[in-house]
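Reader: I would like to learn how to read the packing, the charge pairs and the strand pairing of a model, with the cut-offs stated as we go. Could we take one feature at a time?

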Amino acid sequence: MPILLALGADATWQGQPVAGERVQALFAVLVEHSPEAVGDRVLIEEIWGNDLPSNPTKALQVIVSRARTLAGREVVERTATGYRLALPAGSVDVLRLASLAERAAASLRDGDAPAAAAQAEEALALPVSHGASTHSPALARLRESAERHTSAARRTLALARAAMADHQSALPLLGALIESRPDDDEILIALLSSEAATIGPAAALRRYEEYRHDLAERLGTDPSPRLVRLHRQLLDADRPVRQGIRHSGSELLGRSDDLRALSALVRSVRVTSIVGAGGLGKTRLAHIIGATAGQSVVHFVELVGVTNPEDVVAEVGSALGVRDSVVGRRKLTPSQYADVRSQLAAQLDRTPTLLILDNCEHVIGAAAELVAFLVASCRDLHVLTTSRAPLGIAAEHVYALGQLGLADAEDLFRLRARAARPAVALHPAAVRAVVERLDG
């Protein structure tokens, strides 16, 4: 819908100037009250103030006539209670700006960052006059309101781009906003996150310390719990933890698509289970995903040696260094079990973490119970499991790992065979026969 009436910068109708300050004032009052009608007395007070003409009613009719000559009689409509602007809100720049800014903020609150960014960008494309002089109080109010909506749209755009991980374009917007909004937690959190992603965690940590010191000096208070939590995450990101991860020196064959899909899942899904027969490479994939995960903390726990389902919590607790996690010597009492599980949740809830549980199939029930408890207790915990069977819990996304393609399986066989016996003769037909018998 094209803009017909513009008042945010220069007053224009279909791009042509609106002549006369009193005609501009009439349009401003009608826009301010749109879509309701405005009584004659209010219009006269707004247009003339204390400098009333000798015949106010006649003077108002003259101004209305001039406005209708410019825009058409149907635009300034006479009603039983006064005059009304008969235009859709989208065809008036300041009304469209207000609507777009409010919709953008609502989209961001609803978690739709792309829509919020698009609506905010459209709002910011509308020109607004900053501090332009006018004799009309109504027009001045409209422009002040437009400036506020423009500022709100700029804030929404910055936060939306940060939420979309478009940190390069978000960073300058956030940096400019924090100058005028030093105590806006949401802006500061987004700024710290964007700085960590683009410049590095150390830069974000320096800014946090400067803010913390300034806050104590100005207000004698500490940062909010949300900022303190982010500070812990930045500290962890500055010193990433990769506990239990093994790095292989050989090439991974035939699993590029699986790696891409699984890497995306562990970012977006709370629980991912790599499910498939033994020997497909589930553990190897899990180690590679753990080494390259976006989470600042990764714990890899092997359950292959756990023979009793009751020991799963103790095994995970022992791997993570939780106090009272005793494995292989005695069974945990119910109170010890509850205590270790609570300590696990508290530790894993400190910062975005990926917990990898390998070889769950022989303790599937206990593993499922623990994973369900942890993801319900920890807001930023993601879990990756490997197993021959799914956990069967609500949060789980099952990734069925298929066998290798024939060509990749043959290459893998040759690689392993020559690693064991460099001079071995490998006849193609014999290799294919072995690979086919092993189902890839």
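Author: We can start with contact, which means heavy atoms within 4.5 Å. By that criterion, and not counting residues up to four places away in sequence, L174 touches A158, L159, A162, I187, A190, L191 and S194. This is a predicted model, in which local features need pLDDT of at least 70 and side-chain atom pairs count only at pLDDT 80 or more, while totals for chains, interfaces and linings use all residues. Residues are numbered from 1 along each chain as its sequence is written, and side-chain values use heavy atoms, with hydrogens and water left out.

Reader: Which residues have the most contacts inside the largest nonpolar core?

Author: In soluble globular proteins, nonpolar side chains tend to be buried together. A nonpolar core is a set of buried Ala, Val, Leu, Ile, Met, Phe, Trp, Tyr and Cys residues joined through side-chain atoms within 4.5 Å; buried means under 20% relative accessible area, exposed over 50%, and partly exposed in between, with a 1.4 Å probe and protein chains only. The largest core here has 73 residues, and L5, L7, F27, L85 and L174 are those with the most contacts inside it. Helix α6 (residues 137-163) supplies the largest share of this core, 10 residues. There is also a second, separate core of 31 residues, which includes V322, L332, A345 and A368.

Reader: How many salt bridges are found in the whole structure, and is D40 buried or partly exposed?

Author: Side chains of opposite charge can pair when their charged atoms come close. A salt bridge is a side-chain nitrogen of Lys or Arg within 4 Å of a carboxyl oxygen of Asp or Glu, and a search of the whole structure finds 22 of them. In one, D40 pairs with R78, the closest N and O atoms being 2.8 Å apart. This pair links distant parts of the chain, with D40 in helix α2 (residues 40-48) and R78 in strand β4 (residues 76-79), 38 residues apart. D40 counts as partly exposed at 24% relative accessibility, and R78 is partly exposed at 42%.

Reader: Where in the chain do D380 and R229 lie?

Author: D380 is in the loop between α15 (364-377) and β10 (381-387), and R229 is in helix α10 (residues 225-238), 151 residues apart. Their side chains meet in a salt bridge of 3.0 Å, N to O; D380 is partly exposed at 25%, whereas R229 counts as buried at 10%. Helix α10 also holds Q233, which is buried with a relative accessible area of 17%. Not counting residues up to four places away in sequence, Q233 touches S296, R350, T351, P352 and D380. Elsewhere, R155, R181, D184 and E186 are linked in a network of salt bridges.

Reader: What is the strand order of the six-stranded sheet?

Author: Two strands pair if DSSP finds at least two bridges between them. The six strands form an open sheet in the order β6-β8-β9-β10-β7-β11, with parallel pairing. Its edge strands, β6 (241-243) and β11 (396-400), each pair on one side only. Within this sheet, five bridges join β7 (residues 271-275) to β10, and V271 has V383 as its bridge partner in β10.

Reader: Do β4 and β5 run parallel or antiparallel?

Author: They run antiparallel, joined by four bridges, and a hairpin connects β4 to β5 through two residues. Across this pairing, E77 stands opposite R84 in β5.
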